[in-house]
Amino acid sequence: MYLLDQYRGTALSCRYVVPPHLASAESQNQLEAAVKAAVVDVIMRHPMLQVGMTDATSKTPSWIQLESLDMAQHIKWVHIEGDVDFEETIQEQFLTQLDARFRDLSIKQPGWTLTLYRQGAAPVMEALLVWNHPQFDGAGAKVFHEDLLEFLNVGNSAAGYERTGLEGDVLQLPEAAPMLPVPIECLQKLTVAPTFLAKAAWEDIRPGFLTLDKSLATWCPIRSTPYKTQFRTFGIDNAGLKVVLSRCREHKTTITALLNGLALIAFASHLDRGAAPAFQCSTCMDHRRNLPPSPPDAPWGPGPDRAISNYVTQLPHRFGTNLVARIRSRLAKADMLGGGAEKGGTNDLPAELESELWAVSARNRREIEGRIKAGVRNDVVGIFKYVTDWEKTMRDLAKKPRQFSWLVTNIGVMEGGDGNSSSRPGNDNNDNDNGQRWSIDHAQFGLSAEIPAAAIEFSPVSVAGRGMCIGVNWADCALDTTLAERIVADMERWLVQLGRPSDS
């Protein structure tokens with residue numbers, strides 16, 4: 001996708017609370033040294049951060065161990081001057097970096113960068129990690145930030161920040177070949193039943209005039225140019241998130257499944273039956289839970305959940321014509337068809353629609369659980385070995401009707417290191433630190449436009465005890481911004497509604 005300019009980058013940004021002794025303007029040099037040292041430690045723990053790609057434009061690209069890294073190519077500091085709005089600047093930079101292309105892959109540098117933003121002596125630092133998806137997935141980016149936080153706190157209590165192998169901005173890498181996380185196809189037998197394979201092959205070669213699936217997103221034809229990502233965010237504070245989580249448990253569902261349900265109602269509200277009689281969506285799944293333990297000497301530890309690598313797959317969901325028609329009937333009864341946002345954003349979900357929401361969300365969760373129990377059997381990853389030319393495959397895909405109206409990729413809860421929740425070394429709440437520890441106060445996850453993928457993509461992430469932020473992206477050339485913003489506004493309003501205490 002990257003080579004065809006169908007995708008550019010993925011980003012996870014975290015707002016770090018800087019310890020007081022490093023927050024002053026006079027301590028900027030010490031701060032930069034501390035961050036560089038901690039990043040070096042993360043790099044040395046995770047070999048996927050050390051390798052470049054060779055033969056990137058061929059049918060058989062591969063990873064290559066590098067002799068050294070120029071840290072100046074991977075870490076950049078940006079100082080926001082004056083009374084410029086910090087939050088607004090971060091959002092602008094987030095989108096700019098999402099759409100920025102990485103350097104020529106032929107130079108064999110790792111496809112990731114970390115940009116750090118400070119404004120004066122403010123006690124916060126925004127750390128924006130952007131990467132090329134073949135390098136690792138969103139769960140890997142979450143590990144990057146959690147490990148960075150751990151090493152910042154280890155360095156904070158250590159004598160000095162020197163690291164062996166680091167001379168100025170040049171990091172010498174081990175001469176021995178790194179122990180890369182093993183690809184999933186080498187860890188597990190990716191069993192594909194003949195019927196599953198035959199169905200996938202038929203959907204791939206079937207002529208367009210034989211496509212009878214009313215759930216395809218034909219309302220949003222795939223367009224490739226001009227490439228530009230539209231990106232928005234919405235969220236819910238910790239108090240509201242606690243209520244939503246409690247209600248999810250009560251209705252036997254999850255946040256991910258709930259977001260799929262909210263999106264279904266929003267899309268049904270703003271698209272009529274003629275444009276979209278039914279829908280398909282996709283949930284991104286992390287296969288780390290289905291993998292065996294890592295080798296005992298793996299530098300990232302025994303758990304595959306702590307590996308920076310690429311173990312993501314997708315699970316499709318279908319919402320049929322009868323269900324969508326019933327939801328539209330209830331929307332019409334509540335006078336919400338196509339009018340939620342236009343009426344000033346005051347339309348809450350009535351009881352009947354909320355009942356439909358929980359039923360759909362519970363079904364969605366059962367589908368996700370079924371996929372987890374099935375492991376890698378009959379997973380789309382198992383079909384990849386039959387693809388001999390990925391560029392042709394992705395080029396052909398962009399000529400077909402779009403499959404998904406929306407996608408949800410939830411990387412879960414990050415450990416903020418402030419005592420709210422902790423399972424990682426270095427994140428314990430030590431009363432003797434006197435407020436000198438680093439912590440993460442906020443996180444934001446986002447994807448650049450994926451041209452042949454879903455029309456809209458939702459990317460939630462939470463920080464323990466700090467609420468949830470949901471990134472939303474779409475391709476500007478394919479989707480009307482007014483429609484997308486109305487869908488986002490509805491989902492935000494309804495999520496906040498679900499987060500109200502029952503006695504309010």
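Predicted model: local features only at pLDDT ≥ 70, side-chain atom pairs only at ≥ 80, totals over all residues.
Visitor: Which of its residues are buried?

Guide: Among them are Leu353, Leu357, Trp358, Val360 and Ile368, but also Glu354, Glu356 and Arg371.

Visitor: What do the buried residues of helix 10 pack against?

Guide: Helices 7, 8, 9 and 12, plus strands 11 and 12.

Visitor: Switching to aromatics. How many pairs does the structure hold?

Guide: Nine aromatic pairs. One of them is Tyr16 with Trp438, edge-to-face, at 6.3 Å centre to centre and 75° between the planes. Tyr16 is in strand 1 and Trp438 in the loop between strands 14 and 15, 422 residues apart.

Visitor: Is Tyr16 buried or exposed?

Guide: Tyr16 counts as buried because its relative accessibility is 0%, under the 20% cut-off. Trp438 is buried too, at 1%.

Visitor: What about Phe319 and Trp406?

Guide: Those two are stacked, 5.7 Å centre to centre with 15° between the planes. Phe319 lies in strand 12 and Trp406 in strand 13, so the pair ties together parts 87 residues apart in sequence. Both also belong to a cluster of ring pairs with Trp219, Phe267 and Phe279.

Visitor: Last one: how much space lies in the second largest pocket?

Guide: About 230 Å³. Of the 12 lining residues, Gln97, Ala100, Arg101, Thr113 and Thr115 are the closest to its centre. Strand 6 gives the largest share of the lining, three residues.

Terms used. Residues numbered from 1 in each chain as written. Heavy atoms only, no water. Buried < 20%, exposed > 50% of the residue type's maximum accessible area, 1.4 Å probe, protein only. Helix = DSSP H or I, 4+ residues; strand = E, 2+ residues; numbered from the N terminus. Contact = heavy atoms within 4.5 Å. 1 Å grid on protein atoms, 1.4 Å probe; cavity = no way out; pocket = protein on both sides within 12 Å on 5 of 7 lines; lining within 4 Å. Points joined across faces, edges and corners; volume = space filled by probe spheres on them. Phe/Tyr/Trp six-rings, centres within 6.5 Å; stacked < 30°, edge-to-face > 60°.
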